[in-house]
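Dear colleague,

Please find below the sequence and the structure that I am handing over to you. My notes on what was found follow directly after.

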Amino acid sequence: MPSYTVTVATGSQWFAGTDDYIYLSLVGSAGCSEKHLLDKPFYNDFERGAVDSYDVTVDEELGDIQLIKIEKRKYWLHDDWYLKYITLKTPCGDYIEFPCYRWISGEGEIVLRDGRAKLACDDQIHILKQHRRKELETRQKQYRWMEWNPGFPLSIDAKCHRDLPRDIQFDSEKGVDFVLNYSKAMENLFINRFMHMFQSSWSDFADFEKIFVKISNTISERVMNHWQEDFMFGYQFLNGCNPVLIRRCTKLPEKLPVTTEMVECSLERQLTLEQEVKQGNIFIVDFELLDGIDANKTDPCTLQFLAAPICLLYKNLANKIVPIAIQLNQVPGDENPIFLPSDEKYDWLLAKIWVRSSDFHVHQTITHLLCTHLVSEVFGIAMYRQLPAVHPIFKLLVAHVRYTIAINTKAREQLICEYGLFDKANATGGGGHVQMVQRAMQDLTYASLCFPENIKARGMDSKEDIPTYFYRDDGLLVWEAIKTFTAEVVDIYYESDQVVQDDQELQDFVKDVYVYGMRGRKASGFPKSIRTKEKLTEYLTVVIFTASAQHAAVNFGQLFLGMYPEEHFIEKPVKEAMARFRKNLDAIVSVIAERNKHKKLPYYYLSPDRIPNSVAI
């Protein structure tokens, strides 16, 4: 009788193992086997991290194995089981891989296909078409869209983390990490100990140092020592945590009535301000988004304020970008003066502090929350709803949305919810942060997520003119590496543009992002469909770059881009493409390390060895 060797790998995360009964059935082109209990005598099967092998003998030839059914039945108490993969050695000696990387909860059953990525057009067998359809029907019931707040991108329909589908919840240790990191952040900020400092006037700038006393590294120490200086203020717009707002000024705005006479002492080329603008030496950061946003009123004992500054900057002869004029609100007038470096020391310093405060609010709520976390969640939900696990695009993207939906759900529970951390610690809490996202959504575009286009649109693309914009330099290298890799994957599975157009699952994925994520807003420029391999490559690059590199640049992570611990792809050409991708990333690491060697202020946020795959890792 035909005999198969079944190898089962259990996950290594906490509580991944199970004591339940595990049954296996084989579905082949010539028939289906009986259920087989996978059990070895005097052995504790399916322990955490275990790889167990079993011999399964069937009564008759099954033909080509098409599906594997895994069924879990209660032994004593219900416990979840994390199945990584199953490999099958057939009677003729062939090996078939069945990736899973999923939890089986309670008394459940999952049906697995072999690991070869397939488009819908590649499936000609009825049972495989049926499996594909049922998987998406089940997922679409589990992954439902919900409006958390009007005007926001739609998010997952779950009130709290435990309501999420089991497969996208944090593993136990990751959940503990979240709690510990949340607590650590509170400890670092001394929120409890120094809360009175936020509720009363500060008497000395040294109070800043008390808050950040526990955050110590080369960069933080240098910033702490030089934060009052103009060059550091300008540098942070280029390579700080929010390097996406600065743009080249092509025309002085009427709402900022700065004259040459006002800034003459800052200009070093003996030119008028208008001439400096024409030569490309003037830059601007406009916080118009904050104009009219309500300041936090959740604590009746504390008055909080917001500004909506406009900051003009100048590239001096040393190629340093420094501030030369600051107006704290949008409408000019006697009550809204323009502050200058020639003003009294503390007037100018306080004007810069107001700008930095505004930058913090935009960074946290828009650059970080909206443009990486919420956008990545949109891609993740659409992926789970419209792409079956066998689809090559699912296999490509799943690592880049890992835990994204979970961490965003936790954020809605604990951080940005009513009475959450934003309300306690931010001047935009109490609803201001919600207003900001609603307003920013009107300007969020697909083009703004395409890194090279974004850089060019802001006039920041010339390395010769702006040599110290490392966020741009490193970001372009990483973007191109990702794009090269995604292009290789697209070439493997899509023979032509017509195949892209005919892939209905792909088109449904893209449409879901547009209709639900971007709320069907035509001005967003998000595509409703994709018609060419080139555009598909760009779209996938946007998804991966946003979740990994862009998030790292504005948040800074600790795991690695290009590492795929879950092997969803089994095909040799894709594995070879992954190897080339890692090699390209390693070369970028070397380039960045060499540049940073002699920098007093090294920039490594976009070094691939420090970029996490997703926003939540």
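Helix 9 (345-386) passes helix 13 (432-441) in a right-handed crossing. A crossing counts as right-handed if the near helix is turned clockwise from the far one by less than a right angle, and as left-handed if anticlockwise. Helices here are DSSP runs of H or I with at least four residues, strands are runs of E with at least two, and both are numbered from the N terminus.

This is a predicted model, in which local features need pLDDT of at least 70 and side-chain atom pairs count only at pLDDT 80 or more, while totals for chains, interfaces and linings use all residues. Residues are numbered from 1 along each chain as its sequence is written, and side-chain values use heavy atoms, with hydrogens and water left out.

The axes of helix 9 and helix 13 come within 10 Å and cross at roughly 55 degrees. Axes are lines fitted to C-alpha atoms, for helices over the stretch in contact, and angles run from 0 to 180 degrees between N-to-C directions. The angle therefore makes helix 9 oblique to helix 13; under 35 degrees counts as roughly parallel, over 145 as roughly antiparallel, 65 to 115 as roughly perpendicular and the rest as oblique. In the contact (heavy atoms within 4.5 Å), His361, Val362, Thr365, Ile366, Leu369 and Leu370 of helix 9 meet His433, Met436, Val437, Ala440 and Met441 of helix 13. By class, these comprise eight nonpolar, three polar and no charged residues. Ala, Val, Leu, Ile, Met, Phe, Trp, Tyr, Cys and Pro count as nonpolar, Asp, Glu, Lys and Arg as charged, and the others, Gly among them, as polar.

Helix 9 also packs with helix 19 (533-555), at an angle of about 145 degrees and with the axes 10 Å apart. Here the crossing is left-handed. Among the residues that meet are His363, Thr367 and Phe379 in helix 9 and Tyr539, Val542 and Asn555 in helix 19. This contact divides into eight nonpolar, ten polar and no charged residues.

A further pair is helix 16 (residues 470-493) and helix 20 (residues 572-596), whose axes lie 10 Å apart at an angle of about 170 degrees. Helix 16 is therefore roughly antiparallel to helix 20. Their contact includes Phe470, Leu477 and Tyr493 of helix 16 and Pro573, Phe581 and Arg595 of helix 20. It has 18 nonpolar, one polar and four charged residues.

Of its 30 lining residues, Val244, Leu245, Arg247, Asp443 and Asn454 are the closest to its centre. Elements that give two or more residues to this lining include strand 13 (282-286), helix 9, helix 13 and helix 19. The lining has 17 nonpolar, six polar and seven charged residues.

On a 1 Å grid over the protein atoms alone, a pocket is an open set of points with protein on both sides within 12 Å along at least five of seven lines, a cavity is a set where a 1.4 Å probe fits but cannot get out, and lining residues have an atom within 4 Å of a point. Grid points are joined across faces, edges and corners, and a volume is the space filled by probe spheres set on the points.

The largest cavity has a volume of about 40 Å³. It is lined by Trp148, Phe152, Pro153, Ser155, Leu374, Arg412 and Ile416.

With kind regards
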